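Let's take a friendly walk through this model together. Have the sequence and the 3D view open as you read.

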Amino acid sequence: MDINWQFIISALPLYQKAAWITIKLGFWGTMLSLIIGLVCSIIIYFRIKVLKELVAIYVELSRNTPLLIQLFFLYFGLTKLGITMSETTCAIIGLAFLGGSYMTEAFRSGIEAVSKTQIESGLSIGLSQIQLIRYVILPQAFAVTMPSLAANCIFLFKETSIVGAIAIAELMHVTQDVIGMYYQTFESLLMLVVAYLMIILPLSFLLSWLERKVRYAEFGS
Amino acid sequence: MQNLGVNVLFEGTTIQRLLEGLLVTAGIAFLSIIIGSLLGIGMGLLRTSQSKTIQFICRLYLEVFRIIPILVWLFIVYFGVPSALDIHLDGEIVAVIVFSLWGAAEMGDIVRGALESLPKHQIESGKAIGLSFWGLYRYVLIPQAVRRMLPGAINLSTRMVKTTSLVVMIGVIDVVKIGQQIIERSVIKVPTASFWVYGLIFILYFIICYPLSKLSKKLEAKWEN
């Protein structure tokens with residue numbers, strides 16, 4: 001099969017732009033998910049009434065439905081009720097809605113893994129609840145939960161491939177367009193795969209480096 | 001406030017059509033789970049093999065599916081393969097192929113994890129009482145491994161069901177596509193149709209996936225000790 005290099009060079013700027021959008025969406029999706037996950041897992045930890053139930057409902061709803069449907073519901077459904085937002089906002093909210101529940105589960109299992117003696121020792125030396133969380137629970141929970149946080153982060157970057165369905169010019173959307181316009185199927189798909197490899201591979205190396213870095217807080221191993 | 005718009009769901013055959021679409025999705029998911037599991041068990045057995053080459057190839061196969069999003073794979077097989085081989089592939093067939101291969105990779109990892117988590121003395125005792133290779137797997141390892149891999153396997157199934165929602169992107173007339181058709185048909189009469197239809201599809205997926213993930217959690221808790 002002959003590769004049309006000329007076409008690849010001419011389409012490169014398009015893909016470059018699309019790749020940046022993918023990275024941007026993935027980054028903000030992950031960040032918001034982390035915040036949601038942290039807040040929700042702290043709510044679960046303190047067993048705050050009502051909020052705890054809401055978090056449980058949110059987690060089940062978000063984990064048991066596909067992102068595509070969540071996005072369509074947000075983007076096409078809610079706009080009809082008068083809530084309008086830009087595609088990008090909608091995509092980031094969708095990713096955060098999905099990722100938030102995965103991060104919640106990850107943090108929760110990390111917090112559960114912190115041994116009781118740690119918490120009790122913290123309390124007995126007179127730490128306040130906030131200090132306990134900040135200095136004792138979170139550092140250790142992070143160490144335990146880092147592998148699943150990393151997996152979730154990569155998962156979210158991959159899920160950005162779906163938001164092209166609501167007219168965001170990220171990699172999938174651009175590829176679909178290019179295939180439709182120029183019929184350079186092989187070249188477009190090749191660039192798509194290479195672009196994802198260039199995003200996901202460094203990310204996964206970065207995350208496994210980070211994983212090793214936070215190990216120091218792992219207690220007793 | 002006379003017309004809330006929810007009526008769009010109860011007019012004519014809307015619900016029936018959506019359920020028919022769901023059946024297409026469920027059919028793809030079901031077939032892929034079965035094929036993927038069968039291939040995955042073979043894959044898992046291969047991955048416990050001693051040969052470094054086989055291990056490397058299997059690992060590579062898994063990573064290839066883990067790194068590249070499933071939607072990209074759907075595109076590659078749907079657009080790339082027909083244009084490379086000059087054949088026609090239906091969206092449904094593409095979906096089953098991609099989901100089965102992906103399922104095999106992930107299932108293989110689950111099976112491998114289960115087999116490797118079995119204590120070593122099980123294998124050694126099996127060998128000591130003179131079981132053959134197949135006897136060892138058939139009577140000792142597989143029955144124990146099945147328990148350990150079932151929660152993961154069910155989890156994978158819910159993931160596959162959720163991922164089948166993507167088939168609309170490669171032209172399969174699934175529940176999402178039918179939803180879009182219904183919305184387009186009634187958009188003038190009922191402007192809020194998209195809210196209700198996508199809301200219903202959202203709930204339909206939840207109804208399928210929720211019991212599965214609950215079951216998986218239950219089994220996990222039950223077999224942990």
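## Where two helices meet

Which residues in helix 4 of chain B meet which residues in helix 6 of chain B? Keep in mind while looking that this is a predicted model. On the helix 4 side of chain B, the contact is made by B:Phe99, B:Trp102, B:Gly103, B:Glu106, B:Met107, B:Ile110, B:Val111, B:Ala114, B:Leu115 and B:Ser117. They meet B:Tyr137, B:Leu141, B:Ala145, B:Arg148, B:Met149, B:Gly152, B:Ala153, B:Leu156, B:Arg159, B:Met160 and B:Thr163 in helix 6 of chain B. Sorted by class, this contact has 14 nonpolar, 4 polar and 3 charged residues.

A pair of packed helices is described by the angle between the axes and by the distance between them. Here the axes of helix 4 and helix 6 of chain B come within 8 Å and cross at roughly 140°. Angles over 145 degrees would count as roughly antiparallel, so helix 4 and helix 6 of chain B are oblique to each other. The crossing of helix 4 of chain B past helix 6 of chain B is right-handed.

## The second largest pocket

Now for some open space. The second largest pocket has a volume of about 520 Å³, and 19 residues line it. Nearest its centre lie B:Thr48, B:Gln50, B:Ile123, B:Tyr137 and B:Leu141.

Four helices of chain B each supply at least two lining residues: helix 1 (14-47), helix 4 (91-117), helix 5 (120-128) and helix 6 (133-163). Helix 6 of chain B provides the largest share, 5 residues. The lining of this pocket comprises 11 nonpolar, 4 polar and 4 charged residues.

Helix 1 of chain B gives the most, with 4 residues. By class, the cavity lining divides into 6 nonpolar, 2 polar and no charged residues.

## A look at chain A

Chain A has 8 helices and 0 strands, so to trace it from the N terminus is to read α-α-α-α-α-α-α-α. Taken along the principal axes, the C-alpha atoms of chain A fill a box of roughly 70 × 45 × 20 Å.

Conventions. Residues numbered from 1 in each chain as written. Chains lettered and ligands numbered in written order. Predicted model: local features only at pLDDT ≥ 70, side-chain atom pairs only at ≥ 80, totals over all residues. Heavy atoms only, no water. 1 Å grid on protein atoms, 1.4 Å probe; cavity = no way out; pocket = protein on both sides within 12 Å on 5 of 7 lines; lining within 4 Å. Points joined across faces, edges and corners; volume = space filled by probe spheres on them. Nonpolar A, V, L, I, M, F, W, Y, C, P; charged D, E, K, R; others polar. Axes fitted to C-alpha atoms, helices over the stretch in contact; angles between N-to-C directions. Parallel < 35°, antiparallel > 145°, perpendicular 65-115°, else oblique. Left-handed = near helix turned anticlockwise from the far one by under 90°. Contact = heavy atoms within 4.5 Å.
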